[in-house]
Amino acid sequence: MTNQINAISAIAYRDITKYIKNPSRVLISLIFPVIFIVVLGGSFKANVQTPYDFMIFTFVGVLGQTIFQTVAQGIISLVQDREQDLTQEFFVAPIARVSILIGKIIGEGFVGFIQGLMILLIGLLIGVTYSFMDILIFIPIIILVTILGGAFGLLIISFADDSQNINRVFPLFIFPQFFLAGVFTPIKDLPLYLLIPSRLVPLTYVVDLFRNAFYRNTPEVKEFITIFPIWIDVLIIVVMIIVFMTYGTLAISKKERDR
Amino acid sequence: MNIIQVKNLVKKYKKADKNSVDNISFNVKEGSFFAFLGENGAGKTTTISILTTTLAKTSGDIIINKRNIDKYPAKIRKDIGIIAQKPSLDENLTGEENIRIHSALYGVYSFRPTYSLMSEDYKQKVEELIDLIDMKDFLHKKVKTYSGGMKRKLEIIRSLIHEPKILFLDEPTTGLDPVSRKSIWEYLNNLRKETNLTIFLTTHYLEEAEQADQVAIINHGKIILNDTPEGIKKTLLNDYVILTTKYIDKLKKELQDKKINIIEDLSKENSVALDINKSWTVQKYIKMIDTEISDVSIIKPTLEEAYLKLLS
């Protein structure tokens, strides 16, 4: 057991160090969120009448989406590593496959966590203020979402074989979710053909969870924007984590050896 | 004692129509240097991947260090070190960080986020190993800045940190310059002298296999020869003698008259090559020939010549 924990920390450390040592990556990864919030949110705010600040509405959506996507994308790099034989080192070590995946999720989860904190800082620039209670509530939510992002990443790797394939497939799994999950637009009322996919994608619950937490002190706005009560969001996210991780881990371990 | 025993090993990849490894059997003695020789695609890497537990076999029995590979893959992984064909270092981390991660993966030392927080035992071991390959100044530099030869050396010392019993090297010197290759081999040979390490090497450089205790040649998934380098050469090629003379025409005619066969391929403008075997010794040739000879040299064929003959 100590050995597994040792190994998990080493694997997580690798991803964290690589992220910290590469400031340009950190900055580049903030470009899209800023464009989404300022350009998309800002233009809607100026042109569409809503009973709440539309830029902040977008900001909360982008916060959830960025964390989720960052971690999922980080996990995908496992496939690239595998091809460059970098993780050969991991796979031939006397540790459980699960430990490799857990280490990877913790490492990339940390990256997603920092990314989330930085989006919160961007919020300050567009006029969002946080109370101490806000931070206390946001931190566990961010952690939960990083785990879901990791689990979702595992699920995708278990479907695709090589990195070329996975880089093609990943946007197909992620971009439709932006719109189905209502990152930029309200999705409370939808026609049936959108309602079904919208309620199936994981990002919907991520975004809804953040909005539930963010608008908790303004019930009239919350009522207008959120889809489910907060406990349903949490419950569904936890169930998805368990299902994605179990399936992903089993499928990856099997695929790794049965070539 | 045989540290590796392979019996009737078969591997057929899912999408392939032929077996990549086709019913091979061989043993490797503890502490010996075993070379696995073959062309690209012959099945070398497939075999090494199966032996190192990263690839599932189709059928066959494998015992490594008295343990069955199907039952104890994790324990076997602890007993072996692997240098893969492509470098498996993280180029964005320093050499020391790569070693530190390795030692945590193998449970040798407890992991700490910085070098200074690591145990004294660890630091001592790392310094000792880095001294061996003369790379002290590079220990805390990013692997990106290393040359090809330095990367290989770092990988080798990294793989030794958990003190494996068998070191698998899959074409370790491919793409390296001759100087780096030489220094890596010097290091490996010293290591063998000092420890009882078993080396399992795949290569297509024949001069590397020449130093081995045992060479197995694999072709299209089958082992076609398994012997000492000397044995392989003897099976495939005889030694030969080259006679040099100023009177080449006269000599050739004399040989023809006495019904002695010339090896045409190896004969040159002023010399002839003659096969040496039990009935045709050098002495016998010299006694028979009257033409004046200016030089006699006995040639022992290299493994390379034997190998090329085998594949042709």
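Contact here means heavy atoms within 4.5 Å.

## Basis of the model

This is a predicted model, in which local features need pLDDT of at least 70 and side-chain atom pairs count only at pLDDT 80 or more, while totals for chains, interfaces and linings use all residues; side-chain values use heavy atoms, with hydrogens and water left out. Residues are numbered from 1 along each chain as its sequence is written, and chains are lettered from A and ligands numbered from 1 in the order in which they are written.

## Chain B

In chain B, take the contacts with a separation of 6 or more: residues 24 or more positions apart account for 68% of them. Chain B has eleven helices and 13 strands. Both kinds of element are DSSP runs, numbered from the N terminus: helices are H or I with at least four residues, strands are E with at least two.

The radius of gyration of chain B is 25 Å, whereas a compact globule of 312 residues would have one near 20 Å. That radius is taken over C-alpha atoms, and the globule rule is 2.2 Å times the number of residues to the power 0.38. Along the principal axes, the C-alpha atoms of chain B fill a box of roughly 80 × 45 × 35 Å. Of its 312 residues, 50% count as buried. Buried means under 20% relative accessible area, exposed means over 50%, and partly exposed lies in between (1.4 Å probe, protein chains only).

## Chain A

Chain A has twelve helices and zero strands. From the N terminus on, its elements run α-α-α-α-α-α-α-α-α-α-α-α. Its radius of gyration is 19 Å, close to the 18 Å that the globule rule gives for 259 residues, so chain A is as compact as a globular protein of that length.

The C-alpha trace of chain A spans about 60 × 40 × 35 Å along its principal axes. Of the 259 residues of chain A, 54% count as buried. Among contacts in chain A with a separation of 6 or more, 78% come from residues 24 or more positions apart.

## The interface of chains A and B

The size of an interface is often given as the accessible area lost when the parts come together. Here the buried area is about 2900 Å², and carbon and sulfur atoms give 53% of it. Buried area is the accessible area (1.4 Å probe) that two parts lose on being put together, summed over both. In contact are 29 residues of chain A and 36 residues of chain B.

Nine residue pairs are in polar contact between chain A and chain B, both residues at pLDDT 80 or more. A polar contact is a pair of N or O atoms within 3.5 Å; within protein, one must be able to donate a hydrogen and the other to accept it, and residues adjacent in sequence count only if both atoms are side-chain atoms. On the side of chain A that touches chain B, the elements giving two or more residues are α1 (2-20), α5 (88-91) and α12 (230-257) of chain A. α1(A) gives the most, with ten residues. The residues of this side divide into eleven nonpolar, six polar and twelve charged. Ala, Val, Leu, Ile, Met, Phe, Trp, Tyr, Cys and Pro count as nonpolar, Asp, Glu, Lys and Arg as charged, and the others, Gly among them, as polar.

## Salt bridges

Side chains of opposite charge can pair when their charged atoms come close. A salt bridge is a side-chain nitrogen of Lys or Arg within 4 Å of a carboxyl oxygen of Asp or Glu. The count over all chains is 27. Three of these cross the interface of chain A and chain B. One of them pairs D90(B) with R14(A), with the closest N and O atoms 2.2 Å apart.

Within chain B, R100(B) pairs with E96(B) at 2.8 Å between the closest N and O atoms. The two are four residues apart in helix α3 (residues 95-105) of chain B, so about one helical turn separates them. R100(B) is buried at 2% relative accessibility, and E96(B) is buried at 1%. E230(B) forms a salt bridge with K233(B), the closest N and O atoms being 3.4 Å apart. Both lie in helix α8 (residues 229-236) of chain B, three residues apart, about one turn of the helix. E230(B) is partly exposed at 48% relative accessible area, whereas K233(B) is buried at 10%.
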